[in-house]
Amino acid sequence: MKIWVDADACPRVIKDILYRAADRKKVQLTLVANQPMHTPASPHIDSLVVEAGFDVADDKIVALMQSGDLVITADIPLAAAAIKKAGHALNPRGEFYTEDNIHERLAVRNMLDELRGCGVETGGPPAFSSCDKQAFANQLDRFLAKH
């Protein structure tokens, strides 16, 4: 099992949690981004730089991941693709995307996208909080304990 991170938009505090978990559990962690990323020196942590462009990092993660891998992303279409490949997807706020909830999340995302396209102000997600950080750390720990 490997962990793949959609790293361009992933909060630094979440990356730090992932670095510690990868070393502690000896799990391969790969950050995928369209710019070079500084990562700690570790045999378990690396990064992959892809070309800039819409969904290039997402597409690379989907191409490289395998069944059972964990993808860290807030991108709902990427989460859906990971689930379709029998992987797992966890967002930085500590919510697992599953077969049961991904279709609803995609529908809401698409509806909000259409509203924004019509000029409606839909707002963005709430600010990242310490509760989000704790929820992520707890979910990651539970997941790694099972796998």
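Me: Which residues of the largest nonpolar core touch the most other members?

Reply: The model is predicted: local features need pLDDT of at least 70, side-chain atom pairs count only at pLDDT 80 or more, and totals for chains, interfaces and linings use all residues. Numbering runs from 1 along each chain as its sequence is written, and side-chain values use heavy atoms, leaving out hydrogens and water. A nonpolar core is a set of buried Ala, Val, Leu, Ile, Met, Phe, Trp, Tyr and Cys residues joined through side-chain atoms within 4.5 Å, where buried means under 20% relative accessible area, exposed over 50%, and partly exposed in between (1.4 Å probe, protein chains only). Of the 24 residues in this core, those touching the most other members are I3, V5, L18, L29, I72 and L140.

Me: Which element gives the most to this core?

Reply: Helices (H or I, at least four residues) and strands (E, at least two) are DSSP runs, numbered from the N terminus. Two or more residues come from each of strand 1, strand 2, strand 4, helix 5 (130-146) and helix 1 (12-25). With six residues, the element that gives the most is helix 1.

Me: What does L29 contact, leaving aside its neighbours within four places in sequence?

Reply: L29 is among the core residues that touch the most other members. Contact means heavy atoms within 4.5 Å. By that cut-off, the partners of L29 are I3, V5, L18, Y19, A22, H44, I45 and D46.

Me: How many residues does the second, separate core have?

Reply: Its members include V32, V50, I61 and V71. In soluble globular proteins, nonpolar side chains tend to be buried together. The count for this second core is nine.

Me: Which residue of strand 4 stands opposite V5?

Reply: Strand 1 (2-6) is mostly covered, with four of its five residues buried. Strands pair if DSSP finds at least two bridges between them. Strand 1 runs parallel to strand 2 through five bridges, and parallel to strand 4 through three. V5 stands opposite L31 in strand 2; in strand 4 the residue opposite V5 is I72.

Me: Which residues of helix 2 are buried, and why do they line one face?

Reply: Helix 2 covers residues 56-64, and A57, D58 and I61 are buried. Seen down the axis, these buried residues fall within an arc of 100° (taken from the directions from the helix axis to the C-beta atoms), so they line one face of the helix. The face turned away carries the exposed residues D59 and A63.

Me: What is the phi of K26?

Reply: Most residues other than glycine have a negative phi. K26 lies in the loop between helix 1 and strand 2 and is exposed, at 61% relative accessible area. Its phi is positive, near 55°.

Me: What is the relative accessibility of D55?

Reply: D55 sits in the loop between strand 3 (45-49) and helix 2. Its phi is positive too, near 65°. D55 counts as partly exposed, at 29%.
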